[in-house]
Amino acid sequence: MAGVALAIGAVYAQTFVMTVNDKTAPLTVSGGMREELRTDHFSARLERIEFARSIRVKKAYSTDEATTDQIFLVVKVGATSPRRPTKLVPHLVTAGGLRFAATDKVDENATITAKWIQPGWWRSGLCFFEIPPDEVAGARVVVSEPVNSLYGDQYIPEVSMDLGLDEAKAREAMSAAKDGYEVSGI
């Protein structure tokens, strides 16, 4: 009888075993606009979103212009770190599960990915995503530290920030898209 109970207990315990996907999945903290989302490595908040048809990066002696056939989503993110300096990497996840990296059409020096996030100080920066207009509703911006495969935590923390855009709000926000969004770069 005891052997049968142990066998049943062992089979039941297997339901608690993590799958391969669970073992490599990041630890996610979710929230919305202007909420401070805290992980052990960093805190972040979504400060503002805008749309643009083109982006102008003003440099010391020139201006670069990025254009798109789709639309640029401009996201302002604030972040701080509790213990050590870090950098952050953003990406966009649509309601349908599509994943978009920040566009490479905008110089990285004009984005948050080039900035060091320091302990005790909030630092804001921009992220630029090139996205089809029909994928904007329900999208989320996800920010994490760069993955270091040589050392570091096995479970990488990330924050997932809801843009708060349903179909109607997304159409309204995109209709107000700027023709030339200007940002300074180094």
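The points below go through the sheet, the cores, some single residues and the salt bridges of this predicted model.

1. On conventions, local features rest on pLDDT of at least 70 and side-chain atom pairs on pLDDT 80 or more, whereas totals for chains, interfaces and linings use all residues. Residues are numbered from 1 along each chain as its sequence is written, and side-chain values use heavy atoms, with hydrogens and water left out.

2. The open sheet has five strands in the order β1-β9-β8-β5-β6, with mixed pairing. Strands β1 (27-31) and β6 (99-101) each have a single partner strand and stand at the edges, so one side of each is left without a neighbour in the sheet. From one strand to the next the twist averages 25°, where axes are lines fitted to C-alpha atoms (for helices over the stretch in contact) and angles run from 0 to 180 degrees between N-to-C directions. Strands and helices here are DSSP runs numbered from the N terminus (strands E, at least two residues; helices H or I, at least four), and two strands pair if DSSP finds at least two bridges between them.

3. Within that sheet, β5 (residues 89-93) and β8 (residues 140-144) run antiparallel and are joined by five bridges, and P90 has V143 of β8 as its bridge partner. S144, also in β8, is buried at 11% relative accessibility (buried means under 20% relative accessible area, exposed over 50%, partly exposed in between, with a 1.4 Å probe and protein chains only). Residues up to four places away in sequence aside, S144 touches F42, K87, L88, V89, P157 and E158, contact meaning heavy atoms within 4.5 Å.

4. The largest nonpolar core has 31 residues, of which L73, V75, L92 and L163 touch the most other members; such a core is a set of buried Ala, Val, Leu, Ile, Met, Phe, Trp, Tyr and Cys residues joined through side-chain atoms within 4.5 Å. Two or more residues each come from β3 (43-58), β4 (63-80), β7 (123-131), β8, β9 (157-162) and α3 (167-175), and β4 gives the most, with five residues. A second, separate core of twelve residues includes V57, V106, F128 and Y181.

5. I131, in strand β7, is buried with a relative accessible area of 0%, and its contacts beyond four places in sequence include L73, L92, T94 and F100. T94 itself lies in the loop between β5 and β6 and is buried at 4% relative accessibility; among the residues that T94 touches are E135, G138 and A139.

6. A backbone point that a reader may wish to look at is R34, a residue other than glycine with a positive phi near 65°. R34 lies in the loop between β1 and β2 (37-38) and is exposed, with a relative accessible area of 62%.

7. The whole structure holds 14 salt bridges, each defined as a side-chain nitrogen of Lys or Arg within 4 Å of a carboxyl oxygen of Asp or Glu. D179 and R53 form one of them at 3.7 Å, N to O, with D179 in the loop between α3 and β10 (181-184) and R53 in strand β3, 126 residues apart. E182 and K58 meet at 4.0 Å, and R56, K58, E65 and E182 are linked in a network of salt bridges.

8. E145 and R84 also form a salt bridge, their closest N and O atoms being 3.4 Å apart. E145 lies in the loop between β8 and β9 and R84 in the loop between β4 and β5, so the pair ties together parts that are 61 residues apart in sequence. E145 is buried at 9% relative accessible area, whereas R84 is partly exposed at 41%.
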